[in-house]
Amino acid sequence: MSESEPSPEDAAPKGGFRARHALLKRLADVVSLPTTRINAFERSVTGDLLVEMLRLASHEDRKRVAARLAPLAELPNALARMLLHDASDIAGLLIDHCASLTDADLVACACARDAAVEHRFLMASRRGLSEVVTETLISFGESHVIEAVLRNTTARLSQTAIEGAVSLSRHDRGLCHHLLKRPELRPSSAYVMFWWCEPDDRRTILQRFAVSREVMQEVAEDVFAMAADEEWADPVSHKALQFIERRQRNRAAVEKSPFDDLEQAIATAGADGMTRETATEIAHLSGLKPLTGAKIMGDPGGEPLAILCKATGLSKGDLALLWRSMRRPEFTAEGDVDPVWERVQITYDMLAVDRTQTVLRYWNWSLSSALTPALLRAIREGEEEALDDYSTQERAAMLALSENFRP
C-alpha cells in the first residue's frame with residue numbers, strides 16, 4: 001500500500017475529510033489509553049480537544065467515537081456530557097454501556113433542555129440506577145419512562161419516587177400492575193392505589209398488604225388501661241390506640257343513633273333502599289367518617305363493602321342486604337351469579353377480621369400524616385369520580401355526604 005492510500009481504519013466516509021476522520025479516531029484512541037500510558041491531566045486535555053472537534057463532526061463520526069469510548073472505565077467529564085446530550089442513538093451507547101457515568105451525569109442528562117424523552121427512556125433501563133436518578137426520571141410524569149423504571153429490577157426507588165408513580169397511576173392505570181411488583185411499595189401507598197386498580201390488582205393488594213396488627217396489640221395491651229385511667233386526655237396516644245385496638249364499631253354512636261345497632265341500620269337500608277340518613281348512620285356506627293363511608297359505598301367494584309362488613313363483624317347476609325340497598329345486581333339476565341357480586345363475596349371470605357380492619361383504618365385516614373400531599377391529592381381527585389355509577393338519587397345522597405364532611 002502506497003503512502004497516498006489511506007489505511008482501511010483511517011478511510012473517511014464518503015464525502016468526508018480523511019484527516020478529520022483519522023484524527024478523531026487517533027484522539028479517541030489516546031483517551032482510551034490505560035493509566036500506565038497517560039495521566040489524568042493528559043486524558044482531560046485530549047478530551048477537551050476531542051469535544052471541540054466533535055462539535056462540528058458528522059452524526060456518524062460522533063456515533064463512532066461514542067461507541068469507541070463507551071466501554072471506558074474513565075471518561076473525561078466534558079466529553080461524557082457532550083455525548084450524553086447528543087442524539088438518542090449516540091447518547092444511548094453511553095447510557096447502556098458506560099459504567100463510569102455518575103448519578104450527577106445521568107441527572108444532568110435527564111434534566112437538560114436538549115434532552116428528549118428518548119434519552120430518559122433509554123436511561124430508565126440502565127442497570128443499577130440509584131434512588132436519585134429514578135426519582136428524577138419519574139418526576140417528568142412520562143408514562144412509558146416510568147413503566148420502564150418500574151420494570152427495571154436492578155433500579156432502586158425512593159419512597160418519594162414510588163409515591164409519585166402511585167399518584168400518576170390514577171390517570172395511567174397500567175402502572176398499577178408494575179408498581180405491585182416493586183419491593184419498595186408500602187401499605188400506605190398500596191391502600192391509596194387500591195381505589196383505582198383493576199380487580200386482579202385489588203386482590204393482590206389485599207393479599208399482600210392487608211397486614212395484621214397482632215404484634216402492636218400485644219405490646220400495647222396494658223397501655224389501654226393507662227389511657228383509660230387518664231380519661232383519654234392525650235390525643236396523640238388516643239389516636240394511635242384507636243388504630244391498634246381490636247374493636248371497629250363505634251359504641252358511643254349507638255346511643256345517639258335511631259337504630260339499635262349496625263345490623264338494624266343495614267336491614268333498614270336493605271328493605272327501604274339507601275338514603276343519606278341511613279348511609280350516615282352506617283358510617284358512624286362502623287367507626288368511620290361519613291366521607292369514608294360514602295367512598296366505600298360509591299365504589300363501583302364493590303370490594304370495599306366486603307372489607308367494611310368483615311372489619312365490623314357483619315355476616316355475609318348483612319353484606320347481601322347492603323348490596324341490595326344500593327340496587328346492585330346479584331344475578332345476570334341468564335340467571336348466573338353476577339361476576340362483580342361473586343368477586344365481592346370472595347373478598348369477604350379471603351381475609352381475616354384483623355387484616356380488614358387495618359385496611360379500613362388506613363382508608364379512614366387514621367394515618368393521614370403518613371400520606372404525602374401527592375397521594376392525598378390523588379385520593380381527593382377521585383372522591384366525586386367514585387360516585388358516578390350510582391343512581392341519581394343515591395349519587396345525590398352520597399355527594400351531599402362528601403360536600404358536608406369534606407376535610
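A: Happy to! Please keep in mind that this is a predicted model, and that residues 24 or more positions apart account for 64% of the contacts in the protein chain with a separation of 6 or more. The chain has 26 helices and zero strands. Of its 407 residues, 47% are buried. Its accessible surface comes to about 20100 Å², with 53% of that belonging to carbon and sulfur atoms.

Now to the part itself. Helix α14 covers residues 214-219, and V215 has its place there. Is V215 buried or exposed? V215 counts as exposed because its relative accessibility is 60%, and the cut-off for that class is over 50%. Together with M216 and V219, V215 makes a nonpolar surface patch of about 290 Å².

E214, E218, E221 and D222 form a negative surface patch. One of these residues, E221, sits in the loop between α14 and α15, the latter spanning 223-229. With a relative accessible area of 59%, E221 is exposed too. If you are browsing the surface, then, you can look for V215, M216 and V219 as the nonpolar patch, and for E214, E218, E221 and D222 as the negative one.

For contrast, here are some buried places elsewhere in the chain. T347 belongs to helix α23, residues 339-350. T347 counts as buried because its relative accessibility is 6%, and buried means under 20%. Leaving out residues up to four places away in sequence, T347 touches L206, E303, A306 and I307.

R361 lies in helix α24, which runs over residues 353-363, and R361 is buried, with a relative accessible area of 5%. In sequence, R361 and Q248 are 113 residues apart, while their C-alpha atoms are 8.8 Å apart in space.

Finally, helix α9 shows how a group of buried residues is covered. In α9, residues 143-151, the buried ones are V145, I146, A148, V149 and L150. Their cover includes α7 (117-124), α8 (131-139), α10 (159-169) and α11 (174-179).

Note on methods
Residues are numbered from 1 along each chain as its sequence is written. This is a predicted model: local features need pLDDT of at least 70, side-chain atom pairs count only at pLDDT 80 or more; totals for chains, interfaces and linings use all residues. Side-chain values use heavy atoms; hydrogens and water are left out. Patches are made of residues with over 30% relative accessible area and no salt bridge: like charges are joined within 9 Å, nonpolar side chains (Val, Leu, Ile, Met, Phe, Trp, Tyr) within 5 Å. Accessible areas come from the Shrake-Rupley method with a 1.4 Å probe; for residues, only the protein chains shown count as cover. A salt bridge is a side-chain nitrogen of Lys or Arg within 4 Å of a carboxyl oxygen of Asp or Glu. Helices (H or I, at least four residues) and strands (E, at least two) are DSSP runs, numbered from the N terminus. Buried means under 20% relative accessible area, exposed over 50%, partly exposed in between (1.4 Å probe, protein chains only). Contact means heavy atoms within 4.5 Å. Lys and Arg count as positive and Asp and Glu as negative; His and the chain ends are not counted. The place of a charge is taken as NZ of Lys, CZ of Arg, CG of Asp or CD of Glu.
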